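Subject: A structure for you to explore

Hi there,

Here is the structure I promised to pass on to you. Have a look at it first, and then read my notes below.

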Amino acid sequence: MGRLTTLIGIIKDKISQSRAAIVSKPNTISLHLALLRATTHDPFRPPNHKHLTAFLSFGHSSRATAAAAIEALMDRLHTTHDASVAIKCLVAVHHIIKHGCFILQDQLSVYPSNGGRNYLKLSNFRDNTTPFTWELSSWVRWYARYLEHLLSTSRVLGFFLCSTSSSVEKDTEDEKVSALMNTDLLREIESLVGLLEEMCKSPDSLHVHGNDLVEDIIGSVVEDYLSSMNEVSTRVKEFKERLGFLSFGDSVELVFTLKRLEDCKERLVILSNKKRVLIETFWGSIDELKERAGKEKVYREEKRIVSFGRSDKASESARFGDRVLNYGNSVRFSSARFELNNFPLLVL
């Protein structure tokens, strides 16, 4: 059955390439042929690295050429009913995020510019040709959702997460994170946790076990896991610095987000056997921050209750309305990292 499927796939690929050579415009023939070679009908082998590199090379040309490459890729993704082709198109999208040049990544992030189809929404994708392609379809749906989360998180962070071209110096990254307001810092860590949660939802499939195509995808996602872990660690370190100055609401939100992350631990730990010491240190820091933030939350709640109990006594002084100093015109500092954020500067 596998040999027959492979043979049929080869025939389909030959027909597709012949059609592309006939109907494509002279200036886009090489682009379409490179795409077809990178997204074949073979359900067992991942795209040839040489063919993926050839397709990505069109991003080094003009912006118009890069836009044409993304449009051709998305058109193939939308129109195919073959699980092998669809998942290889998604591999190409992932490859652009990780290894594409800036122009190609930029065109991916803005496509389609005038609305149109949400190009990675494949929640209804089904290929019922064989039991194997039916099961592979579940990987198409999950992989599309995962890449959507990856693109969304990249927008929140302001750079393509896991991209080799977006790597920044550690000192620069720490400086950027330390300048964020608490709300923005929470938004970033929540987005990263959402991405890690999606990693845990990969299908449990028996028929695709040992499939080189699926194994290649898992390998790429594991690399993303390690990169995401580094980004979370940077933000966890910053939250440790700010812990005493977070509002009660921010403390609650942080604890909830860290609890969500801990719920993923069991599934994430088995993803990779690499960098075991680093991974153990990472989860240790998560547990430490969650415990400290939880204690801080309890302390602030008790403080609020005590303050509320004293409010009746304090109200007796309200009759003296004309005070020498009042807090009506106060100046507040915007930085959330320093305790000055909690105290008004009196204007006399």
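This is a predicted model: local features need pLDDT of at least 70, side-chain atom pairs count only at pLDDT 80 or more; totals for chains, interfaces and linings use all residues.

You will find arginine 242 in helix 10, which covers residues 212-242. What lies 3.1 Å from a polar atom of its side chain? That is the backbone oxygen of serine 178.

Next, please turn to helix 11, residues 248-263. With 16 residues at 1.5 Å a residue, helix 11 should span 22 Å. Its end C-alpha atoms are 23 Å apart, which agrees with that expectation.

Which residues of helix 11 are buried? They are Asp250, Ser251, Leu254, Val255, Thr257, Leu258 and Leu261. If you look down the axis of helix 11, these buried residues fall within an arc of 165 degrees, so they line one face of the helix. On the face turned away from that buried side, helix 11 carries the exposed residues Phe256 and Asp263.

Now for the whole chain. The protein chain has 13 helices and zero strands. Of its 348 residues, 44% count as buried. The accessible surface of the chain comes to about 19,200 Å², and carbon and sulfur atoms account for 55% of it. Finally, take the contacts between residues at least 6 apart in sequence: 77% of these join residues at least 24 apart.

Enjoy exploring, and write back with any questions!

Best wishes

Conventions: Residues are numbered from 1 along each chain as its sequence is written. Side-chain values use heavy atoms; hydrogens and water are left out. Helices (H or I, at least four residues) and strands (E, at least two) are DSSP runs, numbered from the N terminus. Buried means under 20% relative accessible area, exposed over 50%, partly exposed in between (1.4 Å probe, protein chains only). Contact means heavy atoms within 4.5 Å. Accessible areas come from the Shrake-Rupley method with a 1.4 Å probe; for residues, only the protein chains shown count as cover. A polar contact is a pair of N or O atoms within 3.5 Å; within protein, one must be able to donate a hydrogen and the other to accept it, and residues adjacent in sequence count only if both atoms are side-chain atoms. The expected span of a helix is 1.5 Å times one less than its number of residues. The arc is that of the directions from the helix axis to the C-beta atoms.
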